[in-house]
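Hi,

Here's the structure I promised to pass along.

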Amino acid sequence: MTFRRPTLPGMYDPYDMPERKPPKIRCEDTWAEIRRGWERGETGASLAQRYDVGLANLWQRRASEGWRRRRPGDPEPEPVEGWDKRAKRAMEAFLYQREETRRLALKLAEAMQGGPLDDVPLWHAGFVLDWRAERLGPEVAAADRDYMRKHDWTEAFWDEHGRLRHVVMLDQVTLDANREEWREDQGIPPGKAEGWP
């Protein structure tokens with residue numbers, strides 16, 4: 001039994017606090033797009049909504065990086081490397097990202113139709129387990145749990161009654177247990193930005 005101190009109506013109760021959402025982290029390319037949009041005259045609110053960033057974070061970035069709106073009629077400044085090289089680099093990145101997305105889609109589709117979990121990328125395991133448990137029935141969910149036991153940290157995926165937790169919790173458990181892999185994937189060197197994730 002858990003003891004809770006009684007509270008009066010309107011009194012602050014820490015047990016009634018909503019669960020804190022994980023922070024939204026956006027890459028520098030996204031912030032560069034946001035900056036370009038703002039400098040072209042878009043509103044901060046519309047950019048915050050489109051890119052799903054906090055408006056306060058947008059204003060903080062604007063102030064710290066010295067964003068300035070262009071005057072009407074100012075031409076788009078030419079990139080240092082020139083437009084052709086910029087376009088070539090953009091196309092290469094686009095083609096690579098498209099191919100990666102398609103490969104990921106194939107692996108996820110195969111697993112979500114009952115195929116093996118072997119090739120499901122680590123960061124998508126919770127999503128696939130949740131999807132399979134909801135749609136493929138208890139036998140598949142039980143087999144998935146047996147399969148996932150090869151990782152010690154996945155025991156936290158299930159509650160004390162053996163029910164799979166919500167996908168948000170699965171993602172958090174995966175990130176917590178594989179923190180160093182995430183940092184390496186994102187290019188964060190050891191000893192730097194230790195608060196992330």
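This is a predicted model: local features need pLDDT of at least 70, side-chain atom pairs count only at pLDDT 80 or more; totals for chains, interfaces and linings use all residues.

Residues are numbered from 1 along each chain as its sequence is written, and side-chain values use heavy atoms, with hydrogens and water left out.

Phe157 also sits in the largest nonpolar core, which has 13 residues, and is listed with Leu117, Val120, Val128 and Met148 as having the most contacts inside it. (A core here is a set of buried Ala, Val, Leu, Ile, Met, Phe, Trp, Tyr and Cys residues joined through side-chain atoms within 4.5 Å; buried is under 20% relative accessible area, with a 1.4 Å probe and protein chains only.) Helices H4 (83–112), H5 and H7 each give it two or more residues. A second, separate core has eight residues, including Trp31, Ile34, Val53 and Trp67.

On to helix packing (helices are DSSP runs of H or I, at least four residues, numbered from the N terminus). H5 (residues 125–135) and H7 (residues 167–177) pack at about 150°, axes 8 Å apart, angles running from 0 to 180 degrees between N-to-C directions of lines fitted to C-alpha atoms over the stretch in contact. The pair is therefore roughly antiparallel, the word for angles over 145 degrees. Gly126, Phe127 and Asp130 of H5 meet Val167, Leu170 and Asp171 of H7.

Cheers

How values were computed:
Angles under 35 degrees count as roughly parallel, over 145 as roughly antiparallel, 65 to 115 as roughly perpendicular and the rest as oblique. Contact means heavy atoms within 4.5 Å. Buried means under 20% relative accessible area, exposed over 50%, partly exposed in between (1.4 Å probe, protein chains only).
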